[in-house]
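Subject: Structure handover

Hello,

Here is the structure I promised to pass on. Please open it first, then read the notes below.

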Amino acid sequence: MDAGKELVAYLQSELGAGAVLVSEAETSGYTEDWRARFKGPALCVALPSTTEQVAAVVKACAARGVAVLPQGGNTSLCGGAVPQKSGPPPVIVNLSRMRRIRQIDPANNSMVVEAGCILKTVQDAAADAQRLYPVSLGAEGSCQIGGTLATNAGGTGVLRYGNTRDNVLGLEVVLPDGSIWNGLRALRKDNTGIDLKHLFIGAEGALGIITAATLKLHPLPTHHAMAWFAPTDVGAALKVLGLFQQACGSRLSAYEMMNDRQLQLVIKNVPDRRNPLAAMHAWHVLVELADTQGAEELEQVLQQVLEQAMEEGLVADAVIAASDAQRAALWEIRHSVSEANKKEGIGLSTDCAVPVSAVPAFIERATAAVHAEAPGLDIIIVGHVGDGNIHFIPMFSFDAWKALPDPDRMGKHMRHCVNEQAHALGGTFSAEHGVGQTGLPEMAHYKSPVELALMKSVKQALDPANLMNPGRLLP
Ligand SMILES: Cc1cc2nc3c(=O)[nH]c(=O)nc-3n(C[C@H](O)[C@H](O)[C@H](O)COP(=O)(O)OP(=O)(O)OC[C@H]3O[C@@H](n4cnc5c(N)ncnc54)[C@H](O)[C@@H]3O)c2cc1C
């Protein structure tokens, strides 16, 4: 029996035959990303149900020198969760069967969940206990808690609650040698040495497999006020943000922006989506306020700030959601952008962040840089403008993309042109999606030798054989 077959047979004996997928028909959903842009071979897909089973799989792979690729909901936007095209095929360890909510402690405002829990399931369980788990993103119905931790996902709640990293109290991790670290503490204060959980958050599975987490919960806001408005330009959108921050403090819970092209694509490509305003404007902002009391006061503040902004010539038109259904409809527009863009063509998604004050300059410079390369190219802009994270997306039609002599090169080059503008303004090329496969050349380009050497020495210390998710994160 060859070595690969022997390992598969061993894993089947450990996990049960139904928990180790081998045929192309069974594994194709795991070896290709959801946009069908990345695909690579795997030895098999293991579906462990317990932390001990994850440890057994990792130990077996380590003993045989076989690479391991941890996988959550496979919603990565940068090719992080599927095997590389070339190189020895890894064992994919998909966490979807580890989906127990182990504990909710409302008095401590915390919950312990397994890594395979879908983000939405976790939000709902917290809400049932009158608490909020605040990480929220378009893929929340399919991405897993483990994936959000491994990528330190951002999303729409960062302005008020921070990134995933800010909402974690403890972790349980299977290390590259198969040993288990139980760091599931539920403390808000613990100064006993280096805070190890932060090594694994945002490490994209390169240092170990997260199997469970203690998450931080917040009071559940029960009152909301929301508006959709057209700022007169990007600078005006930031001035209105300042007005909201001054008037509402931490009750400002979302501030999202998109350009006219993004809204047009959502309306065109996703059923039942329409422009909330009477006319199409160059820029659109969704703003939400939330609190545990005082619905009327929230609406008053929202209205007052928008009126002031209109008087100051910062806002051209606005509409306030009059019901929960209208509020949900506005969120649906925001959460439909990836689906709309996927149907339209090949969008070269970027994930830059700059200081909030530099957003107008970033958009202006990135537009000029892209149009210098491809005059008139469609540009889609959508972002969490309240925290400085802008997804600037040069968009090719499917036909124009096919006609390019070297599409891969064009994709890398265009993204780099955009990333250069963010870098020049003190920004980053990856605000929330991670590095995955697409970001590797940019890591090599933008990270200083000292930073890269530090990261490599951490990797070397934990995974000297380089078997845990090789070929991502570190160039
Ligand atoms: C429609 C849509 C909207 C999105 N919006 C946002 C957004 O607003 N903000 C944002 O940050 N991201 C967004 N994303 C990207 C993506 O959803 C996030 O990166 C998410 O956190 C990935 O979770 P996942 O479970 O799908 O992980 P996967 O895609 O399966 O994996 C991502 C990375 O994490 C590693 N990994 C997965 N699980 C584990 C684990 N248990 N232990 C160790 N490593 C692991 C994988 O090896 C891979 O490197 C969006 C994606 C889509 C499709």
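Helix H5 is the top contributor to the shell around the ligand, giving four residues. One caution before the rest: this is a predicted model.

**The ligand and its shell**

There are 37 residues around the ligand. Pro70, Gly72, Gly73, Thr75 and Gln144 come nearest. By class, the shell holds 21 polar, 14 nonpolar and two charged residues.

For Ser76, a polar backbone atom sits 2.8 Å from a ligand oxygen. For Gly80, the distance from a polar backbone atom to a ligand oxygen is 3.1 Å. Gln144 also takes part: a backbone N or O atom of this residue is 2.8 Å from an oxygen of the ligand.

The ligand on its own has 970 Å² of accessible area, and the protein covers 96% of that.

**The cysteines**

The search took in the whole structure and found zero. A disulfide needs the two sulfur atoms within 2.5 Å.

Is Cys352 buried or exposed? Cys352 counts as buried, because its relative accessibility is 1%. Cys248 is buried too, with a relative accessible area of 5%. The cut-off for buried is under 20%.

Best wishes

How values were computed. Residues are numbered from 1 along each chain as its sequence is written. This is a predicted model: local features need pLDDT of at least 70, side-chain atom pairs count only at pLDDT 80 or more; totals for chains, interfaces and linings use all residues. Side-chain values use heavy atoms; hydrogens and water are left out. A residue is near a molecule or strand if one of its heavy atoms lies within 4 Å of it. A polar contact is a pair of N or O atoms within 3.5 Å; within protein, one must be able to donate a hydrogen and the other to accept it, and residues adjacent in sequence count only if both atoms are side-chain atoms. Accessible areas come from the Shrake-Rupley method with a 1.4 Å probe; for residues, only the protein chains shown count as cover. Helices (H or I, at least four residues) and strands (E, at least two) are DSSP runs, numbered from the N terminus. Ala, Val, Leu, Ile, Met, Phe, Trp, Tyr, Cys and Pro count as nonpolar, Asp, Glu, Lys and Arg as charged, and the others, Gly among them, as polar. Buried means under 20% relative accessible area, exposed over 50%, partly exposed in between (1.4 Å probe, protein chains only).
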